[in-house]
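Have the viewer open as you read.

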Amino acid sequence: MSWGTRGTLTALAVTVLLPLGAGGCGTGEAHDRTGAVAPSPVGEVLDGTDEDGRHLRGAGGAGAPEIAVEDAPAAAGGWDVRLTLRHFRFSAPHARPRAVPGRGLARLFVDGRRVTRLRARESHLAGRLVPHGTHHVTARLYADDGTVWAVRGEPVQGTADITASGAEARPVTDTGAAGS
């Protein structure tokens, strides 16, 4: 067989076999092309969703993630927020979009409005996000595939209250865990 014939046969084989091989490769994402949640070997995807419509992912047991939130007025204005985590680590910014036990990111909410995504234990809230009055600052844990870590069907989150009054600001710390 000549090299020209081998090259043609090789190209034909690649053309036929490549799509078959690629079809079996998974992306690790929680949603398929139809928007349905794909199965994952990590925690059961539950029927419930959070306020943003993101599916909950069960993370029960002794190693379930926990989070608490603390806040304090920042010297330069605004508020500093610190997260205390157990059984959870932040993933790198460009982690694969798949659920890995005890890993992912947090989203920070002020009065139920999402304000930022966190991949670190500390963050700063600008004063404009926390005007005069009492506000609820909540941090919720997510897997890298976008599902919400949940224990007993409730999102794993922690909440702290901030009371801001003009130039003065009095922090009220309330730590939380799953379902708080």
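## A buried serine

S123 is buried, with a relative accessible area of 15% (buried is under 20%, exposed over 50%, partly exposed in between, using a 1.4 Å probe and protein chains only). You'll find S123 in strand 8, residues 122-125 (strands are DSSP E runs of at least two residues, numbered from the N terminus). Leaving out residues up to four places away in sequence, S123 touches W79, D80, V81, L108, T116 and L118, where a contact is heavy atoms within 4.5 Å.

A word on the ground rules: this is a predicted model, so local features need pLDDT of at least 70 and side-chain atom pairs count only at pLDDT 80 or more, while totals for chains, interfaces and linings use all residues. Residues are numbered from 1 along each chain as its sequence is written, and side-chain values use heavy atoms, with hydrogens and water left out.

## The nonpolar cores

A nonpolar core here is a set of buried Ala, Val, Leu, Ile, Met, Phe, Trp, Tyr and Cys residues joined through side-chain atoms within 4.5 Å. The largest one has 29 residues, and L83, L125, L141 and W149 touch the most other members. Strand 4 gives the most, with four.

Take L141: not counting residues up to four places away in sequence, its contacts include P65, I67, L85, F88, L105 and W149. Apart from this core sits another, of six residues, among them L56, F109, Y142 and A150.

## Rings and charges

There is one aromatic pair, counting Phe, Tyr and Trp rings (the six-membered ring for Trp) with centres within 6.5 Å; planes under 30 degrees apart are stacked, over 60 edge-to-face, the rest tilted. F88 and F90 have ring centres 5.7 Å apart and planes at 90°, so they go down as edge-to-face. F88 is buried at 5% relative accessibility, and F90 is buried at 16%.

R107 has its charged end over Y142, 4.4 Å from the ring centre, and R140 lies over the face of F109 at 4.8 Å.

## Positive phi in two loops

H87 isn't a glycine, yet its phi is positive, about 60°. H87 lies in the loop between strand 4 (79-86) and strand 5 (89-90), and is partly exposed at 37%.

D111, also not a glycine, has a positive phi of about 55°. D111 is in the loop between strand 6 (103-110) and strand 7 (113-118), and is partly exposed at 40%.

Methods. A charge sits over a ring if NZ of Lys or CZ of Arg is within 6 Å of the ring centre and within 35 degrees of the ring normal.
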